[in-house]
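Take a walk through this model. Begin with a loop, move on to the aromatic rings, and end with a pair of helices.

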Amino acid sequence: AGEKLPDDEKLNYEKLSTIKDWRKKLSNFHKAEFELDGEKWLSVEHYYHANKYKNTPEFYKLFTIGSNSEISKDPALAKAAGGKTGKYKGKRLRDSNIKPDENYMDRRSEVFEKANFAKYSQNPELKEMLLATNNAKLVHKIQRSKDVEVFTETMRVRERLRKNE
């Protein structure tokens with residue numbers, strides 16, 4: 001899938017070839033329950049977007065598994081509800097009067113790292129998979145673009161998990 005790997009490095013990543021859909025499992029949209037901040041979350045995407053709205057606790061809670069809301073069950077709905085318009089396929093998921101925390105962008109990276117650490121440390125098979133990426137640069141292709149986003153926070157989590165072994 002576009003990876004470039006010198007022949008002498010291939011053995012370092014052999015284990016990944018035995019893990020079905022490992023690239024998808026690295027995604028923030030991958031459904032892998034974890035607990036964080038006293039709540040259960042279905043995905044990193046849920047935790048990320050919920051944290052934009054900690055200033056509106058009742059809306060924040062809709063992203064948690066415990067709410068059993070429509071948003072809590074689908075990472076795409078979480079992204080839409082927490083996104084600019086608050087709509088998914090024309091349907092309003094967030095009232096226009098609910099605004100994100102002004103200081104959210106200052107803590108965005110910290111939020112991603114906390115959520116990824118919880119995801120990988122609480123799901124042993126995902127932890128093993130992340131560690132199997134060894135020292136690979138983890139990137140995500142941005143939809144409808146040639147650009148990629150480096151998963152810096154996930155790579156930091158990988159280092160933290162290595163040190164904890």
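**From a loop to a helix pair**

Thr56 lies in the loop between α2 (44-50) and α3 (57-61). Helices (H or I, at least four residues) and strands (E, at least two) are DSSP runs, numbered from the N terminus. This is a predicted model: local features need pLDDT of at least 70, side-chain atom pairs count only at pLDDT 80 or more, and totals for chains, interfaces and linings use all residues. Residues are numbered from 1 along each chain as its sequence is written, and side-chain values use heavy atoms, with hydrogens and water left out.

Thr56 has 14% relative accessibility, so it counts as buried (under 20% relative accessible area, 1.4 Å probe, protein chains only). Neighbours within four places in sequence aside, Thr56 is in contact with Ile98 and Lys99 (heavy atoms within 4.5 Å).

Now the rings. Phe, Tyr and Trp (its six-membered ring) pair if their centres lie within 6.5 Å; planes under 30 degrees apart count as stacked, over 60 as edge-to-face and the rest as tilted. The count comes to 7 aromatic pairs. Phe34 and Tyr47 pair edge-to-face, 6.5 Å centre to centre, with 65° between the planes. Phe34 is in strand β1 (residues 34-36) and Tyr47 in helix α2, 13 residues apart. Phe34 is buried at 2%, and Tyr47 at 0%. Phe34, Trp41, Tyr47 and Tyr60 form one aromatic cluster.

Last, the helices. The axes of α6 (residues 124-131) and α7 (residues 152-163), lines fitted to C-alpha atoms over the stretch in contact, come within 10 Å and cross at roughly 105°. The two are therefore roughly perpendicular (65 to 115 degrees).

Notes: Axes fitted to C-alpha atoms, helices over the stretch in contact; angles between N-to-C directions. Parallel < 35°, antiparallel > 145°, perpendicular 65-115°, else oblique. Buried < 20%, exposed > 50% of the residue type's maximum accessible area, 1.4 Å probe, protein only.
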